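User: Hi! Please take a close look at one part of this model for me, the pocket lining, and then follow it into the strands and helices. I would like the cut-offs along the way.

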Amino acid sequence: MSEVHVTSHPLIQHKLTILRDKETGTKAFRELVDEVATLMAYEITRDMELEETMVETPIQKTKAKSLAGKKVGVVPILRAGLGMTDGILKLIPAAKVGHVGLYRDHETLEPVEYFVKLPSDVEERLFIVVDPMLATGGSAIMAIDSLKKRGAKNMKFMCLVAAPEGVKALQEAHPDVDIYIAALDEKLNEDGYIIPGLGDAGDRLFGTK
């Protein structure tokens, strides 16, 4: 079974509290999502492999560590996942970006795929799939399904706020994909929204309703 990592870093928790506030406007919301994504990227890359290399300091040559060349891809689930992408790229600027476009049918609450575009070397990359919310788990499951169908073998999922129902569903569907979240909330309501949550992340990011 995949591992669930709930990030308890004080800066992340503080920024998440402001994100939850209904009075936080679009500009501040967008900036905070970007900042939290950067901080979470620090956590999600904690186990990246290192290799020994030589570097010449102003004093002498010495052995040092550098990343072992593992290729990384960031895959936002459109559209809300876009708000987290730049924050991750600040730490991993060489990462390539793919996209999975999904929308939720508001009657069935099931995701519908409409767009997938990934780097060509899918099998060689660690993909970080990002979406601010993990509610029912349907979108995350379908996005990871889409990547696996195209050859992806190594993935992690990152979100800001998750419901227990979504975490359970994602773990059962993809037990090989670890989950990184900033907050595990109470439950889903009858409309499929996370309680207490932070509302519709896409609408709050882009100023739509």
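**The pocket lining and what surrounds it**

Analyst: At least two lining residues of the largest pocket come from each of β4 (71-78), β6 (99-104), β7 (111-117), β9 (133-134), α4 (138-149) and α6 (201-206). Helices (H or I, at least four residues) and strands (E, at least two) are DSSP runs, numbered from the N terminus. Please keep in mind that this is a predicted model, in which local features need pLDDT of at least 70 and side-chain atom pairs count only at pLDDT 80 or more, while totals for chains, interfaces and linings use all residues. Residues are numbered from 1 along each chain as its sequence is written, and side-chain values use heavy atoms, with hydrogens and water left out.

The largest pocket has a volume of about 650 Å³. Its lining counts 29 residues, and the closest to the pocket centre are Ala 80, Arg 104, Asp 131, Ser 139 and Asp 200. A pocket here is an open set of points on a 1 Å grid over the protein atoms alone, where a 1.4 Å probe fits, with protein on both sides within 12 Å along at least five of seven lines; lining residues have an atom within 4 Å of a point. Points are joined across faces, edges and corners, and the volume is the space filled by probe spheres set on them. By class, the lining splits into 15 nonpolar, eight polar and six charged residues. Ala, Val, Leu, Ile, Met, Phe, Trp, Tyr, Cys and Pro are the nonpolar class, Asp, Glu, Lys and Arg the charged one, and the others, Gly among them, are polar.

The second largest pocket has a volume of about 150 Å³. Asp 47, Met 48, Glu 49, Lys 70, Leu 126, Asn 154 and Lys 156 line this second pocket, giving two nonpolar, one polar and four charged residues.

Six of the six residues of β8 (residues 125-130) are buried, so the strand is largely enclosed by the rest of the structure. Buried means under 20% relative accessible area, exposed over 50% and partly exposed in between, with a 1.4 Å probe and protein chains only. In a regular strand, side chains alternate between the two faces of the sheet. Here Arg 125, Phe 127 and Val 129 point one way, while Leu 126, Ile 128 and Val 130 point the other. β8 runs parallel to β4, joined by six bridges, and Gly 73 has Phe 127 as its bridge partner in β8. β8 also pairs in the parallel sense with β10 (residues 154-162), over five bridges; the partner of Val 130 in β10 is Met 158. Two strands pair if DSSP finds at least two bridges between them.

In α1 (residues 10-20), the buried residues are Ile 12, Lys 15, Leu 16 and Leu 19. Seen down the α1 axis, they fall within an arc of 105°, so they line one face of the helix; the arc is that of the directions from the helix axis to the C-beta atoms. Pro 10 and Thr 17 are exposed on the face of α1 turned away from the buried side. The cover over the α1 buried residues includes α2 (26-44), β10, β11 (178-184) and α6. In α5 (residues 164-173), Gly 166, Val 167, Leu 170 and Gln 171 are buried. They cover an arc of only 130° around the axis, which puts them on the same side of α5. These α5 residues pack against β1 (4-6), β9, α4, β10 and β11.

One joins Leu 78 and Arg 79, with omega about 5°, and Arg 79 lies in the loop between β4 and α3 (82-91). Another joins Ile 195 and Pro 196, with omega about 0°; Pro 196 lies in the loop between β13 (194-195) and α6. Ile 194, in β13, counts as buried at 8% relative accessibility. Its contacts (heavy atoms within 4.5 Å), not counting residues up to four places away in sequence, include Met 133, Leu 134 and Val 161.
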